[in-house]
Amino acid sequence: MASSSDQPKMQQNNVMLSDVMSRDKSINLFASLTRDVASIEQRLEDPSQNSTVLAPLNSKIDALPHKPWEDARDYDTFGTAAAYEGDEGRDRAQKNLKKFAEAHVLPVSPWQEGEKMKTLFAGDKEIWWENKEGKKLIQPEGIEVDSVASMPT
């Protein structure tokens, strides 16, 4: 998982976080998904809003049991063929995608080690990061951070 935590500086020299993310080939799938969620796209392009993005690697997105816009409960409720068909299905997919994107963005930067925060996803649990045995881990799940990027100063 890539993260823009660890004391990053936000939005200088007219470089947008969304642009930096889209250039990183290891997270460009997530960057592409954020452009499909207006509230996240706007946040990442707004220099007045600090954000830490916990961007999953492309390989992690590819390994998910469902696409980010899919939810197993939708298949259980509406069936495989109808879950994302028509306007209602597209609305469900968009809602799921928004939830996925919001669950990977924190409304703060820098994000200090040990600082408990909630993502933009309403109702999300508190998370924090810590260094353990030389690795940065997002807790409480212990998700290892692959790399940390910060905005140019």
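Over which residues does pLDDT stay under 50? The stretch is residues 2–12. For it, the model has 48 contacts beyond four places in sequence; a contact means heavy atoms within 4.5 Å. pLDDT is the predictor's confidence in each residue, from 0 to 100.

## Model and confidence

This is a predicted model: local features need pLDDT of at least 70, side-chain atom pairs count only at pLDDT 80 or more, and totals for chains, interfaces and linings use all residues. Residues are numbered from 1 along each chain as its sequence is written, and side-chain values use heavy atoms, with hydrogens and water left out.

The protein chain has a mean pLDDT of 88. Of its residues, 88% reach 70 or more. Among its elements, helix α6 (residues 86–102) has the highest mean pLDDT, 97. Strand β1 (residues 2–3) has the lowest, 47. Helices (H or I, at least four residues) and strands (E, at least two) are DSSP runs, numbered from the N terminus. Where pLDDT is low, the predicted coordinates should not be read in detail.

Strand β5 covers residues 126–132, and strand β6 covers residues 135–139. They pair in the antiparallel sense over five bridges. Two strands pair if DSSP finds at least two bridges between them. Trp128 stands opposite Gln139 in β6.

The two strands form a hairpin with two residues between them. Glu133 lies in the loop between β5 and β6. Its phi is near 55 degrees, a positive value in a residue other than glycine. Most residues other than glycine have a negative phi. Glu133 counts as exposed because its relative accessibility is 81%. Exposed means over 50% relative accessible area, buried under 20%, and partly exposed in between (1.4 Å probe, protein chains only).

Leu137 stands opposite Glu144 in β7. Three residues separate β6 and β7 in this hairpin. Gly142, in the turn, has a positive phi of about 75 degrees.

## Cis peptide bonds

A cis peptide bond joins Gln139 and Pro140, with omega about 15 degrees. Pro140 sits in the loop between β6 and β7. Gln139 is also the residue opposite Trp128.

Another cis peptide bond joins Ser109 and Pro110. Here omega is about 5 degrees. Pro110 is in the loop between β3 (105–106) and β4 (117–118). Most peptide bonds are trans.
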